[in-house]
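Biologist: Before I rely on any of the terms used for this protein, I would like to see each one set against its definition. Could we go through them one by one?

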Amino acid sequence: MAASFTQNSLVANRQSAPALSRTQQRFERRLAKILVHATDVFYDKGYEGASMRDLARYSGMSLSGLYYYFESKEKLLYLIQKHTFSTIVERLRGRLDELSDPEQRIRAFILNHLEYFLANRKAMKVLSHEDDALKNGFGAEIAAIKREYYRICVGLLDDFKRARKLEFSSRLAVLSLFGMMNWIYTWYKPRVDSGAEEIAREMGNIFLKGIGASRAKLRKKRLAVN
């Protein structure tokens with residue numbers, strides 16, 4: 001599963017660029033495979049526990065060969081994180097463009113997130129556990145993409161609030177939603193649990209009913225005043 005996400009991303013990120021030569025295509029395919037193996041290594045050993053020698057061995061490369069592509073394991077983690085968040089945001093925007101109902105847009109957000117991470121659970125664990133590993137420019141760039149993703153979700157909740165005349169903290173609601181979605185890699189079992197669509201539907205019901213409770217609370221308060 002991890003292989004599909006990396007290879008697809010490298011192709012997608014260059015769709016608008018001029019056609020690649022065969023040499024460049026081979027180079028890109030090689031990079032894709034390395035990132036797949038790097039995800040496996042970080043998943044098994046953790047970022048701190050993994051070495052460039054481990055990464056080279058998993059990739060079937062010499063250590064010098066790996067350094068030809070990447071100067072450090074931080075660069076590998078950066079590329080994995082950049083690909084993941086950029087792909088999720090890009091797919092989300094495509095889905096949201098087709099929807100206008102505030103509730104359906106929130107549900108699309110949940111499905112988009114779960115669908116991607118259930119297909120790439122190793123990447124999800126790596127991102128969750130190594131959230132603060134990147135420093136300096138790498139860390140700043142990833143943080144900017146994550147802030148954009150967070151702002152999109154806040155906007156969806158604000159739209160829903162206005163449409164339903166609700167009162168709740170969008171920030172608290174968004175962070176709670178991410179908590180629900182991101183923890184899934186710790187308990188999800190393909191042979192036991194439903195697929196992404198069914199889980200997204202049920203999770204969406206739980207979440208939307210929860211934030212909708214503020215409306216009932218507001219009604220009770222108004223009735224008490226009257």
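Modeller: Among contacts in the protein chain between residues at least 6 apart in sequence, 72% join residues at least 24 apart, where contact means heavy atoms within 4.5 Å. The model is a predicted one, in which local features need pLDDT of at least 70 and side-chain atom pairs count only at pLDDT 80 or more, while totals for chains, interfaces and linings use all residues. Residues are numbered from 1 along each chain as its sequence is written, and side-chain values use heavy atoms, with hydrogens and water left out.

Biologist: How many helices and strands are there in the protein chain?

Modeller: The protein chain has ten helices and zero strands, where helices (H or I, at least four residues) and strands (E, at least two) are DSSP runs, numbered from the N terminus.

Biologist: Which residues of helix α3 are called buried, and why?

Modeller: Buried means under 20% relative accessible area, with exposed over 50% and partly exposed in between, using a 1.4 Å probe and protein chains only. In helix α3 (residues 52–59), M52, D54, L55, A56 and S59 are buried, so each of them falls under 20%. These buried residues pack against α2 (22–45), α4 (63–69) and α5 (73–96), and α3 is followed by G60, whose phi is positive, near 70 degrees. Over the protein chain, 42% of the 226 residues count as buried.

Biologist: What makes the approach of R105 to the backbone oxygen of L96 a polar contact?

Modeller: A polar contact is a pair of N or O atoms within 3.5 Å; within protein, one must be able to donate a hydrogen and the other to accept it, and residues adjacent in sequence count only if both atoms are side-chain atoms. The backbone oxygen of L96 lies 2.9 Å from a polar atom of the side chain of R105, so the distance is within the 3.5 Å limit. R105 is found in helix α6, and, leaving aside its neighbours within four places in sequence, R105 is in contact with L96, L99, S100 and L156.

Biologist: Which residue classes make up the lining of the largest pocket?

Modeller: That lining has eight nonpolar, three polar and three charged residues. Ala, Val, Leu, Ile, Met, Phe, Trp, Tyr, Cys and Pro count as nonpolar, Asp, Glu, Lys and Arg as charged, and the others, Gly among them, as polar. A pocket is, on a 1 Å grid over the protein atoms alone, an open set of points where a 1.4 Å probe fits, with protein on both sides within 12 Å along at least five of seven lines, and lining residues have an atom within 4 Å of a point. The largest share of the lining, four residues, comes from α8.
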